[in-house]
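Please find below a short note for a colleague who is new to this structure. The points follow the model as shown.

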Amino acid sequence: MEAQVLAQLLGLPQGEEVLKERLGREGHPQLSSALTAYLKRLQAPREVLAALEGLGQGAVVTGQQAGLLGGPALTFYKAHTALGLAEKVGAASLFWVASQDHDVEEVRHLHLLLEEEVRTLSLPLPPLPAGRIPFAPYREAVREFLGFWSRDARVAYALEGETLSEFFARTLLAFLGERGLIPFDPMAPELAPLFQKALERELEDPSSSAQAINQEAERIRALGGKPPLKRKPGATNLFLETDQRRLLFYQDGAFTDGVRRYGKKELLEILRTDPSRLTPAAGLRPVFQDLVLPTAGFVVGPNEFRYVAELSGVYALYGIPMPALFLRLRAVVLEPPIRRIVERYRLDPWAFVDGGEDAFLRAVKEVLEGFRGLEAELLRLLEEVEALGQKAHALEPTLERPFRRFRARLKGEGERLLKKLLRARMGRDAVLLHHLERLKRHLLPRGLPQERVYPFAMYALRHPEALLKLQEAPISGRATLVLG
């Protein structure tokens, strides 16, 4: 089910009018001072420190896992949407660094397109939250992989990060700090204590939020949707970090992480000693985010939208309104060689992102000499079969359906033959094959949309105008960023 359809069925808050209505909420009393201390430790640009004033009006929040060099380009597109919305209403724009996430497979790879070759760095990260992984053991490998780019002042600053999540936060500050983007790392020592009261409250009643999620999941299922979140019997929405990060279960008045049992008093003591060891699961994280931040708007991707859609009951449980939800910008970057190729074949780059090789074949057939004539002959043949079917129907009405099936089979086989002809021609035409492979490397690397593989920092390092092009892009929908 499409995100927009789901939003309408559930009556989820969306749009700029709702965003304006949500302004004026107060965040945690110590939020501003804690963020100031965190940002000063990171030596954030003055524009970021100045942007803290916007917290008095409210915040537009987005977030992402702490990927290398800022993670895939969609990270910057989320930030751009949040910055644009915040600017419209005079609010602050905050980027939630998902430092509590321990799925290292999501963040340990860095893919770059260098000299028309996809190169990959894969770090052997331990299965820990990104905020717990020291960056020092991997700094030299990243620096060597980046080559001369590591000497760029922005990259050199980011490489000073002490943890993986701090490397990510510094990358955001280096490339988007001038626009006033405020990173927020919930595991940073300055910020983790802000969640203590919320965690204490969840420990008092650890089952209600899980029940609220399951109830909303049933509602979505009844409407024809497929809810991604479901809590097993006894499961809470809390993780405890010991030698690894484990989900807590609650039964008979006690907690267990599958290894040992904990009383509430012991967990409260852990929380007071190190509040970063107790963290919310996906079903609680956005609500905890909005308990601490004065969130008025929340920018998400399509998959995240489905998670947040299940949290209406949890928001109600905590007595705070769900923020206005916005889908992030989707964008594709065209560097000079790819711009020339798409112009040559009059190929819509988004058609290639959506359709891959088939979209290229459709574009190529328009410029291949002789192919359009062959396609026209097939259409004439189908028209003749249609006319023949009408004559047969006049003689014998029961022949209408057999002729219709015959025409459908002929059309399908004809299209398959034409496609085979195109592929055969392309296989013999080195230029066509080269152009297709080049399109794949740039627009569909590893079979995925460009925005999910390459970091936008790569384009910013290669093209001085890249960040300005992004700043000038619309804040929603689809954009094509032409560089060079």
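1. Which residues does Leu481 touch, not counting residues up to four places away in sequence? Leu481 touches Tyr77, Ala331, Val332, Val333, Leu334, Phe456, Lys469, Leu470 and Ala473 (contact means heavy atoms within 4.5 Å).

2. The model is predicted: local features need pLDDT of at least 70, side-chain atom pairs count only at pLDDT 80 or more, and totals for chains, interfaces and linings use all residues. Residues are numbered from 1 along each chain as its sequence is written, and side-chain values use heavy atoms, with hydrogens and water left out.

3. The largest nonpolar core has 120 residues (buried Ala, Val, Leu, Ile, Met, Phe, Trp, Tyr and Cys joined through side-chain atoms within 4.5 Å; buried means under 20% relative accessible area, exposed over 50%, partly exposed in between, with a 1.4 Å probe and protein chains only). Leu481 is among the residues with the most contacts inside this core, as are Tyr77 and Phe456. A second, separate core of 19 residues includes Val332 and Tyr345.

4. The structure holds 28 salt bridges (a side-chain nitrogen of Lys or Arg within 4 Å of a carboxyl oxygen of Asp or Glu). One of them joins Arg132 and Asp274 at 3.3 Å, N to O, and these residues are 142 residues apart. Arg132 counts as partly exposed because its relative accessibility is 28%; Asp274, at 25%, is likewise partly exposed.

5. Lys264 and Glu204 form another salt bridge, at 3.0 Å, N to O. Lys264 is partly exposed at 32% relative accessibility, whereas Glu204 is exposed at 52%.

Conventions: Helices (H or I, at least four residues) and strands (E, at least two) are DSSP runs, numbered from the N terminus.
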